[in-house]
Amino acid sequence: MKLLVINGPNLNMLGVREPEIYGSRTYAGLVSFIEEVCAREKVEVEIVQSNHEGAIVDAIQAAYQEKDGIVINPAAYTHTSVAILDALKAVGLPAVEVHLSNIYEREKFRHISYPGMACVKTFYGHGFAGYEMAIQYLKNLLSKGTEDQ
C-alpha cells in the first residue's frame, strides 16, 4: 500500500508557530512520527509539504495511478482552495483530511473545508495522533476494498 501525505502552508513552522494552538513539536518531529507509523503499519509513504497551492495540486495529480490513498492537511488552504478540492476529485483516490487543532473551536471561517468535501473522513483536534488515525483508517478502507475484489 502506498500513501501520499500532504501538509500545507506553515506546517513547516510547527514548534514556532502559535505553540498555544499547535504545541511545541516540530515539523521534523511530525515527519518522523508519520514515517514510524507507516513503517509499523507496513505502508509505503511519501510526505510532501508546500506553502504553495499549485505545488499541492501537482502532488495530488502526481499521485494518480501511483498511490493508493492520500492523507492531507491542507492547513490554511482548507478554507479557500477549490483547486485542491478539484484535484482530489479528479484523481479519485480515497483521501482523509487531518487537522492538528479542532477547527470547530476556532474562528468561524475555519469551519468550512473545501478539500474536505472530497475526503472520506476527517480527523481534527488530535494533534499528531490524527495522522496515525488517518493512516489506519485508509489502510482498513483499502484492505476491505481489495478483499471485495
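Predicted model: local features only at pLDDT ≥ 70, side-chain atom pairs only at ≥ 80, totals over all residues.
H4 spans residues 82-91, and its buried residues are Ile 84, Leu 85, Ala 87, Leu 88 and Val 91. Viewed along the axis of H4, these residues fall within an arc of 165 degrees, so they line one face of the helix. Lys 89 and Ala 90, on the other side of H4, are exposed.

## The sheet

The model contains an open sheet of 5 strands, arranged in the order E2-E1-E3-E4-E5 with parallel pairing. Its edge strands are E2 (44-49) and E5 (121-124), each of which pairs on one side only. From one strand to the next, the twist averages 15 degrees.

Strand E1 (residues 2-7) and strand E3 (residues 69-73) run parallel and are joined by 5 bridges. Asn 7 stands opposite Asn 73 of E3. E3 also pairs with E4, again in the parallel sense, over 3 bridges. Here Ile 72 has Glu 97 in E4 as its bridge partner.

## Strand E4

How many of the residues of E4 are buried? The count is 5 of the 5, so E4 is largely enclosed by the rest of the structure. Both of its faces are covered: one side carries Ala 95, Glu 97 and His 99, while Val 96 and Val 98 lie on the other, and all are buried.

## Helix H2

Helix H2 (residues 27-41) packs on the sheet, where it touches E1 and E2. The direction of H2 makes about 160 degrees with that of E2. With 15 residues, H2 reaches 21 Å from its first C-alpha to its last, which is close to the 21 Å expected at 1.5 Å a residue.

The buried residues in H2 are Tyr 27, Leu 30, Val 31, Phe 33, Ile 34, Val 37, Cys 38 and Glu 41. Seen down the helix axis, the buried residues of H2 fall within an arc of 160 degrees, so they line one face. The face turned away from this buried side carries the exposed residues Ala 28, Glu 36 and Ala 39. After H2 comes Lys 42, which has a positive phi, near 60 degrees.

In soluble globular proteins, nonpolar side chains tend to be buried together. In this model, the largest nonpolar core has 25 residues, and those with the most contacts inside it are Leu 14, Val 71 and Tyr 131. E1, H2, strand E4 (95-99) and helix H5 (129-148) are the elements that give two or more residues to this core. H2 gives the most, with 7 residues. Another core, of 20 residues, lies apart from the largest one, and its members include Leu 4, Ile 60, Val 91 and Leu 93.

Which residues does Val 71 touch, if those up to four places away in sequence are not counted? They are Leu 4, Val 5, Ile 6, Val 96, Val 98, Tyr 131, Ala 134, Ile 135 and Leu 138.

Technical notes
Residues numbered from 1 in each chain as written. Heavy atoms only, no water. Pairing = 2+ DSSP bridges. Helix = DSSP H or I, 4+ residues; strand = E, 2+ residues; numbered from the N terminus. Axes fitted to C-alpha atoms, helices over the stretch in contact; angles between N-to-C directions. Contact = heavy atoms within 4.5 Å. Expected span 1.5 Å × (residues − 1). Buried < 20%, exposed > 50% of the residue type's maximum accessible area, 1.4 Å probe, protein only. Arc of directions from axis to C-beta. Core = buried A, V, L, I, M, F, W, Y, C linked by side-chain atoms within 4.5 Å.
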